[in-house]
Every structure is written in structure tokens, then in C-alpha cells.
Amino acid sequence: MARAFLIVMDSVGCGGAPDAADFGDAGANTLGHIAEACAAGRADQGRSGPLRMPHLDALGLGQAVRLASGAAMPGFDAVPQGLWGAATEVSRGKDTPSGHWELAGVPVPWDWTFFPDTDPAFPTDLTAEICRLAGTTGILGNRHASGTAVIDDLGEAHLKSGWPICYTSADSVLQIAAHVEAFGLDRLIELCRALAPRLHAMRVGRVIARPFTGVPGDFRRTPDRRDFAIAPPAPTVLDHAAAAGRVTHAIGKIGDIFSMRGIAHLHKGASDADLFDRLDDLAGSAEEGALVFANFVEFDSLYGHRRDVAGYAAALEWFDRRAGVFLDRLRPGDLAIFTADHGNDPTWAGTEHTRERVPVLCAGAGAGQIGHCAFVDVAASVATHLCLSETGPGRSFLRGMD
């Protein structure tokens with residue numbers, strides 16, 4: 001039986017979302033603006049020259065960006081050998097759960113709750129509950145903040161007081177940072193786990209544990225992050241595959257995003273390099289008929305939010321090199337789809353995600369243009385390839401390609 005690999009390049013958007021202005025993101029284009037900066041010599045720190053992604057361009061990446069936003073990708077002029085298009089999201093968010101759920105066939109049916117950009121950001125009763133669960137008399141932060149900046153600002157006060165650092169962003173999220181030695185990793189994770197049901201009842205999408213280590217002036221987040229996300233409101237393609245007896249593998253954050261629903265095997269790693277090792281391993285070992293769903297988060301967490309154009313470009317080029325090796329490992333009949341969940345344009349103002357269309361690039365499904373499609377069409381196409389009876393609300397762009 002055929003296998004399917006659904007690979008999410010977290011935040012690698014391609015501009016052109018028709019409702020971008022509603023989010024303050026009109027004109028944002030993660031891939032397009034990175035390519036422009038590289039071509040102009042403005043992204044030569046740690047790398048140099050134009051952006052080079054020959055393997056994904058051969059699947060249609062440059063064409064997908066042009067389709068999505070009308071922007072040319074300097075140097076991306078390959079004649080596509082894959083099936084390519086651009087997907088548009090309908091969920092009213094530009095966050096990780098919304099994008100992944102919709103790619104898996106379930107648009108978000110409600111409006112998320114967001115905390116205001118005020119100081120304090122959290123209601124007093126919620127702050128009191130955090131204190132009760134943490135066993136502290138107060139919290140630090142209580143505002144919108146960058147995750148790396150907030151531990152630099154408040155890490156020393158955290159060590160002195162023992163109070164957890166609590167913050168939010170433009171996403172529907174509450175994040176809690178704590179020092180792994182002084183506060184305790186298990187204590188932090190249990191605090192977030194216990195708090196999550198209350199936040200989920202408020203339609204807040206995630207509670208995230210953000211452990212860090214180090215000393216003042218040299219604090220560093222560890223790879224032990226844990227996301228406690230609200231469960232999808234309907235069956236996803238993972239659920240449908242599992243119900244049909246297919247083996248399902250989740251790489252990276254996928255287990256957290258989907259609350260482990262429909263997932264048989266979880267593969268974690270300390271970095272995207274580790275996660276790509278897991279993906280390469282599964283290209284060789286995943287069962288016939290399996291669904292492998294992977295997320296690569298560092299484009300977003302290390303470079304997008306930090307507005308690091310050169311770092312983002314280098315990560316894209318590294319990923320493309322790894323993708324070329326991975327594609328060579330696929331078996332006849334396998335399908336691999338490379339896509340994204342939202343944008344995070346590193347040239348944009350602020351530090352938040354950007355509302356964008358995303359590329360859809362398929363290997364193993366012939367060559368041709370998908371055109372504009374919906375996020376849910378990705379799930380329907382995976383289900384079609386796996387011959388599942390349940391395909392969700394989308395339309396498969398693989399029908400007629402056999």
C-alpha cells in the first residue's frame with residue numbers, strides 16, 4: 001500500500017492571503033521577502049548570495065510563490081517536476097493549531113480567545129489560579145512578550161522570587177517559563193498540564209511550558225518545551241487513518257498539536273536536525289500504508305519571531321538539502337507533501353506570525369499545477385492517496401492525476 005508523508009515547514013508562508021489586511025499583514029510574504037533580501041545582499045550573515053532551494057524549486061516552489069502573491073522569487077525559475085499550488089486558510093487565526101488542524105481537515109469552528117496587549121494581560125482570577133497551582137504568591141510578566149526577551153528581562157527576578165514567568169502574544173496562548181533547576185522541569189510541566197483545562201474552556205488554544213536554564217546574562221531555553229493544546233473539535237486525517245487500521249507517525253510538535261489523537265508513534269528530537277533524522281529513518285522504515293505527519297518548527301521559533309532574515313534563509317537552504325536526500329529515499333507509490341501552517345515574515349514589523357497563503361508541493365503525484373486550493377484539500381488529498389473512505393470536507397487535488 002502507498003505511504004503518505006505530510007511535512008509542515010512551520011511559518012514558511014508565501015504571501016497573498018486575501019484577508020491579510022484584517023490581520024495587519026497586507027503585503028507580508030515570508031518566502032518572497034527572504035529571497036529578495038538574499039538577492040540584494042542583505043542576508044549574508046552566516047551564508048551568502050541569492051537564496052538557493054533547488055530541490056523544492058524543482059517541485060514548484062518558485063511558481064507557488066508567484067501564484068500566491070504575484071511576487072517573483074529571484075533565481076527560482078525551475079520548470080516544476082512536481083504537483084504545485086498555494087493554499088488559503090479560512091480559520092480566523094494565524095496560529096499553529098489553526099493551521100495544522102485545517103491542513104488535517106478540520107477548520108476551527110470558533111473564534112479563539114486572545115489576551116489583550118495590556119499590562120497586566122491576564123484577568124485576576126486566572127492569575128490567582130496560576131499562583132494556587134504553582135504554590136507561589138505571585139507571577140512575573142503578565143504581558144505580551146517575546147519568549148527569549150522575557151527570560152532575559154525577568155530570569156534573574158524569577159530566580160530570586162521563585163515566581164513563574166507568564167506571558168502571551170498575538171496568538172491564543174498562555175506561556176509559562178521557568179528555570180529547570182530552580183523551579184523544576186516536572187513542576188513546570190505539571191503546572192501547565194493542570195492549568196490547561198481552564199484555558200481550553202475559555203477557548204485559549206494552548207498552554208505552553210517553556211523551560212530554560214543558565215545564569216543571568218546567559219539564559220537559554222531548553223528543548224523540553226511542552227504544548228498543551230485544545231483537542232480538535234472533529235476527526236482529522238490522523239483519526240481517519242488510524243480508524244482504517246493505518247499506522248500513524250508524528251514527528252516533532254504534531255503530538256502536542258493534536259493531543260496525541262489518532263497518533264500511534266511519536267518521534268521527538270532536540271532540534272530540527274534531529275527531527276529530519278527521524279523523517280529520513282521513516283522514509284526507509286515506515287509501514288506500507290502509513291501516514292507520517294511532521295512539523296519543523298525552527299523556521300518559526302528561531303528565525304521568524306526573532307526577525308532574523310539571514311538565519312531564516314540559511315535554515316531554508318539547509319532544509320532543502322535535507323529534502324533532496326529524503327526524496328531520494330522514497331519508495332515507488334509514496335506521496336510527500338511539503339507545506340506550511342502560516343507565515344512569519346522576518347522582514348515584517350513586530351515579532352508575530354503573519355497571515356499568508358502557504359505553498360503546497362507534492363512529490364510522487366506527477367507534475368502539474370494545483371492552482372489555488374484550501375488547507376483542507378491537503379487532508380483530502382492525503383486521504384485519497386491512502387484510499388481512506390473518510391476524506392473530510394476538502395477536495396482532493398490528486399483526483400484525475402493517476
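**Figure 1. The annotated span, residues 3–388.** UniProt, in an unreviewed entry, lists residues 3–388 as "domain: Metalloenzyme". The structure shown is a predicted model. Within this span, 38% is helix and 20% is strand.

**Figure 2. Surroundings of helix 1.** Helix 1 covers residues 30–39, and eight of its ten residues are buried, leaving the helix mostly covered. The buried set consists of Thr30, Leu31, Gly32, His33, Ile34, Ala35, Ala37 and Cys38. These buried residues pack against helix 3 (61–69), helix 12 and strand 13 (358–363). Just after helix 1, Gly41 has a positive phi of about 80°.

**Figure 3. Packing of helix 1 on helix 12.** Helix 12 spans residues 309–329, and its axis is 10 Å from that of helix 1, at an angle of about 105°. Angles of 65 to 115 degrees count as roughly perpendicular, and the two helices are therefore roughly perpendicular to each other. On the helix 1 side, the contact involves Thr30, Leu31, Ile34, Ala37 and Cys38. Their partners in helix 12 are Val309, Tyr312, Ala313 and Leu316. By class, this contact holds eight nonpolar residues, one polar residue and no charged residues. An α-helix has 3.6 residues a turn, so residues three or four places apart point the same way.

**Figure 4. Crossing of helix 5 and helix 7.** Helix 5 (residues 124–134) packs with helix 7 (residues 180–201) at an angle of about 140°, and the axes are 9 Å apart. This angle makes helix 5 oblique to helix 7. The crossing of helix 5 past helix 7 is right-handed. Helix 5 contributes Asp125, Leu126, Glu129, Ile130, Leu133 and Ala134 to the contact. From helix 7 come Phe183, Arg187, Leu191, Ala194, Leu195, Arg198 and Leu199. Nine residues of this contact are nonpolar and four are charged, with no polar ones.

**Figure 5. Packing of helix 4 with helix 13.** The axes of helix 4 (residues 96–103) and helix 13 (residues 375–385) are 6 Å apart and meet at an angle of about 40°. Helix 4 is thus oblique to helix 13. Gly99, Glu102 and Leu103 form the helix 4 side of the contact, and Phe375, Val376, Val378 and Ala379 form the helix 13 side. The contact of helix 4 with helix 13 divides into five nonpolar, one polar and one charged residues.

Terms used
Residues are numbered from 1 along each chain as its sequence is written. This is a predicted model: local features need pLDDT of at least 70, side-chain atom pairs count only at pLDDT 80 or more; totals for chains, interfaces and linings use all residues. Side-chain values use heavy atoms; hydrogens and water are left out. Axes are lines fitted to C-alpha atoms, for helices over the stretch in contact, and angles run from 0 to 180 degrees between N-to-C directions. Helices (H or I, at least four residues) and strands (E, at least two) are DSSP runs, numbered from the N terminus. Angles under 35 degrees count as roughly parallel, over 145 as roughly antiparallel, 65 to 115 as roughly perpendicular and the rest as oblique. A crossing is left-handed if the near helix is turned anticlockwise from the far one by less than a right angle, and right-handed if clockwise. Contact means heavy atoms within 4.5 Å. Ala, Val, Leu, Ile, Met, Phe, Trp, Tyr, Cys and Pro count as nonpolar, Asp, Glu, Lys and Arg as charged, and the others, Gly among them, as polar. Buried means under 20% relative accessible area, exposed over 50%, partly exposed in between (1.4 Å probe, protein chains only). UniProt positions are given in the numbering used here, feature names are shortened, and annotations may be inferred rather than shown by experiment.
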